[in-house]
Amino acid sequence: VEGYMARGRPAWHLDLYRIADPGELEWLGLDALADPAALVLVEWPERGAGALPAADLELRLDYARQGRQALLRAFTAHGERLLARLP
């Protein structure tokens, strides 16, 4: 878990690649992520299934010719509002 500040708000990056069981998340001190104003970015979220709150947005990166393609999908009304703000 890495913590940052993003535009004056707390932001957290979780890379769950190395966990084998969602129960391991309790050792990471995720109670600090409960701030509703915080941005939480999770890599490998399927490794934390059942232990993480539902996602507002999903971002998938894929190769596209010689570059990358970003695919965003909203799962909540909040996620829809965030998508609407993007150029």
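Me: Exposed means over 50% relative accessible area, and buried means under 20%. On that scale, is Ala77 buried or exposed?
Reply: Ala77 is exposed, because its relative accessible area is 52%. The model is a predicted one.

Me: Which element holds Ala77?
Reply: Ala77 sits in helix H1.

Me: How far is Ala77 from Ala34, C-alpha to C-alpha?
Reply: The two C-alpha atoms are separated by 19 Å. Along the chain, Ala77 and Ala34 are 43 residues apart.

Me: It's a prediction, then. What is the mean pLDDT?
Reply: The mean for the protein is 87. Of its residues, 99% reach 70 or more.

Me: Where is confidence lowest, and where is it highest?
Reply: Strand S1, residues 2–6, has the lowest confidence, with a mean of 87. The highest is in strand S5, residues 67–74, at 93.

Me: OK, the fold. How many helices and strands are there?
Reply: The protein has 1 helix and 5 strands. In sequence order the pattern is β-β-β-β-β-α.

Me: What does the C-alpha trace span?
Reply: Along the principal axes, the trace covers about 40 × 30 × 25 Å.

Me: How much of the protein is buried?
Reply: Buried residues account for 13% of the 87 residues.

Me: Which strands form the open sheet, and in what order?
Reply: The sheet has 3 strands, ordered S1-S2-S3, with mixed pairing. S1 and S3 are its edge strands, each pairing on one side only. From one strand to the next, the twist averages 20 degrees.

Me: Mixed how? Take S1 and S2: parallel or antiparallel?
Reply: S1 and S2 run antiparallel and are joined by 5 bridges. Bridge partners include Tyr4 with Ala11 of S2, and Gly3 with Trp12, also in S2.

Me: And S2 with S3, parallel or antiparallel?
Reply: S2 and S3 pair in the parallel sense, again over 5 bridges. One of the pairs there is Asp15 with Glu43 of S3.

Me: What about S4 and S5, how many bridges do they have?
Reply: S4 and S5 are joined by 8 bridges and run antiparallel. Among the bridge partners are Ala64 and Gly67, the latter in S5. S4 and S5 also form a hairpin, with 2 residues between them.

Me: Which residue has a positive phi in that S4–S5 turn?
Reply: Arg65, at about 55 degrees. Arg65 is not a glycine, and its place is the loop between S4 and S5.

Me: Is Arg65 buried or exposed?
Reply: Arg65 has a relative accessible area of 90%, so it counts as exposed.

Me: What about Trp44, what is its phi?
Reply: Trp44 has a phi near 60 degrees, which is positive, and it is a residue other than glycine. Trp44 lies in the loop between S3 and S4.

Me: How many residues line the largest pocket, and which lie nearest its centre?
Reply: The lining has 43 residues. Nearest the centre are Leu39, Val40, Leu41, Val42 and Leu57.

Me: How does the lining divide into nonpolar, polar and charged residues?
Reply: The lining of the largest pocket has 29 nonpolar, 4 polar and 10 charged residues.

Definitions and conventions: Residues are numbered from 1 along each chain as its sequence is written. This is a predicted model: local features need pLDDT of at least 70, side-chain atom pairs count only at pLDDT 80 or more; totals for chains, interfaces and linings use all residues. Side-chain values use heavy atoms; hydrogens and water are left out. pLDDT is the predictor's confidence in each residue, from 0 to 100. Helices (H or I, at least four residues) and strands (E, at least two) are DSSP runs, numbered from the N terminus. On a 1 Å grid over the protein atoms alone, a cavity is a set of points where a 1.4 Å probe fits but cannot get out, and a pocket is an open set with protein on both sides within 12 Å along at least five of seven lines; lining residues have an atom within 4 Å of a point. Ala, Val, Leu, Ile, Met, Phe, Trp, Tyr, Cys and Pro count as nonpolar, Asp, Glu, Lys and Arg as charged, and the others, Gly among them, as polar. Two strands pair if DSSP finds at least two bridges between them. Axes are lines fitted to C-alpha atoms, for helices over the stretch in contact, and angles run from 0 to 180 degrees between N-to-C directions. Buried means under 20% relative accessible area, exposed over 50%, partly exposed in between (1.4 Å probe, protein chains only).
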